[in-house]
Amino acid sequence: MDNSNIVAMFEMMDPSGRGTISFVQYKEALKTLGLCTEDEDLKDDGHIITLDKFKEEVCIHPASLQAFARKF
């Protein structure tokens, strides 16, 4: 999974092109990618999630992303 895949995923969650997604969307994306579990308690600090923040969080877990990519 490279930068273009991460950007494409973010853009799917941001169809209006605002440049942000909600915390709920962010958390679900991390779960879908296998980067957090149901048991992991992510705290919603009230901030919106930007593309840069999304990329930063997704890139913290490269091994998990490689495992996700092998599924497809």
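## Helix packing and loop exercises

Helix α1 passes helix α3 in a right-handed crossing, where a crossing is right-handed if the near helix is turned clockwise from the far one by less than a right angle, and left-handed if it is turned anticlockwise. The model is predicted, so that local features need pLDDT of at least 70 and side-chain atom pairs count only at pLDDT 80 or more, while totals for chains, interfaces and linings use all residues. Residues are numbered from 1 along each chain as its sequence is written, and side-chain values use heavy atoms, with hydrogens and water left out.

**Exercise 1.** State how many helices and strands the protein chain has, and in which order they run.

*Solution.* Helices (H or I, at least four residues) and strands (E, at least two) are taken as DSSP runs, numbered from the N terminus. On this basis the protein chain has four helices and two strands, and from the N terminus on the elements run α-β-α-β-α-α. Turning to contacts, which are heavy atoms within 4.5 Å, 67% of those between residues at least 6 apart in sequence join residues at least 24 apart.

**Exercise 2.** Describe how the axes of α1 and α3 are arranged, and which residues form the contact.

*Solution.* Two packed helices are described by the angle between their axes and the distance between the axes. Axes are lines fitted to C-alpha atoms, for helices over the stretch in contact, with angles from 0 to 180 degrees between N-to-C directions. The axes of α1 (residues 3-13) and α3 (residues 51-59) come within 10 Å and cross at roughly 130°. That angle makes α1 oblique to α3, since angles under 35 degrees count as roughly parallel, over 145 as roughly antiparallel, 65 to 115 as roughly perpendicular and the rest as oblique. From α1, the residues Asn3, Ile6, Val7, Met9, Phe10 and Met13 meet Leu51, Phe54, Lys55, Val58 and Cys59 of α3. By class, this contact has nine nonpolar, one polar and one charged residues, where Ala, Val, Leu, Ile, Met, Phe, Trp, Tyr, Cys and Pro count as nonpolar, Asp, Glu, Lys and Arg as charged, and the others, Gly among them, as polar.

**Exercise 3.** Determine at what angle the axes of α2 and α3 cross, and which residues make their contact.

*Solution.* The axes of α2 and α3 come within 11 Å and cross at roughly 25°; α2 and α3 are therefore roughly parallel to each other. In passing α3, α2 makes a right-handed crossing. The contact is made by Tyr26, Ala29 and Leu30 of α2 and by Lys53, Phe54, Glu57 and Val58 of α3, and its residues divide into five nonpolar, no polar and two charged.

**Exercise 4.** Decide whether Thr20, Ser22 and Gly46 are each buried, partly exposed or exposed.

*Solution.* Buried means under 20% relative accessible area, exposed over 50%, and partly exposed in between (1.4 Å probe, protein chains only). Thr20, in strand β1, is buried, because its relative accessible area is 13%; leaving aside neighbours within four places in sequence, Thr20 is in contact with Phe10, Asp14, Ile48, Ile49 and Thr50. Ser22, in the loop between β1 (20-21) and α2, counts as partly exposed because its relative accessibility is 31%. Gly46, in the loop between α2 (23-32) and β2 (49-50), counts as exposed because its relative accessibility is 63%. The C-alpha atoms of Ser22 and Gly46, 24 residues apart along the chain, are separated by 9.2 Å.
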